[in-house]
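I opened the notebook to look up the fold and the packing of one chain. My entries follow.

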Amino acid sequence: MKKPIRREDRRLDDAAAMALLMRGEYGILSTSDKNNRPYGIPVNYVVMDNTIFFHCATEGQKLENITTNQGVSFCVVGKTERLPEKFSTRYESVVVSGNADLVDDPVLKKNALDALVSKY
């Protein structure tokens, strides 16, 4: 069940959230292992056809976790500004949750890799 955002006054509208997701440099992909222990890792990514693609090695904890539990969360932080007088920070962020799948289709894989290369 999705909980409502605590600070509704700070919510980005869908267009601003997508714009931040599109221009973000990297994000934190969070997965969980077979014992439900969380694991967050910074990753390069690209958005293509309303889908987020990550490039990664063919083995490792991230893939093991996704194989065990496809549920993931992905967070991108954009502009930040420290506010020392308020002991706070102003920032923009977007959090996306969903299911991760491995891409087996060679054409889709090539297109996603081309998009990643173009972005970075």
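I take a nonpolar core as a set of buried Ala, Val, Leu, Ile, Met, Phe, Trp, Tyr and Cys residues joined through side-chain atoms within 4.5 Å. Buried means under 20% relative accessible area with a 1.4 Å probe, protein chains only.

The model is predicted: local features need pLDDT of at least 70, side-chain atom pairs count only at pLDDT 80 or more, and totals for chains, interfaces and linings use all residues. Residues are numbered from 1 along each chain as its sequence is written, and side-chain values use heavy atoms, with hydrogens and water left out.

Core. I looked up the largest nonpolar core and found 13 residues. Leu21, Leu29, Tyr45, Phe74, Val76 and Val94 have the most contacts inside it. At least two residues of this core come from each of helix H1 (14-23), strand S3 (45-48) and strand S5 (71-83). A second, separate core has 5 residues, among them Val46, Met48, Phe53 and Ala112.

Fold. I noted 3 helices and 6 strands. These are DSSP runs numbered from the N terminus: helices are H or I of at least four residues, strands E of at least two. From the N terminus on, the order is α-β-β-β-β-α-β-β-α.

Whole chain. I checked burial next: 23% of the 120 residues count as buried. The C-alpha atoms fill a box of roughly 50 × 35 × 25 Å along the principal axes. For contacts (heavy atoms within 4.5 Å), I took residues at least 6 apart in sequence; 56% of these contacts join residues at least 24 apart.

Key:
Buried < 20%, exposed > 50% of the residue type's maximum accessible area, 1.4 Å probe, protein only.
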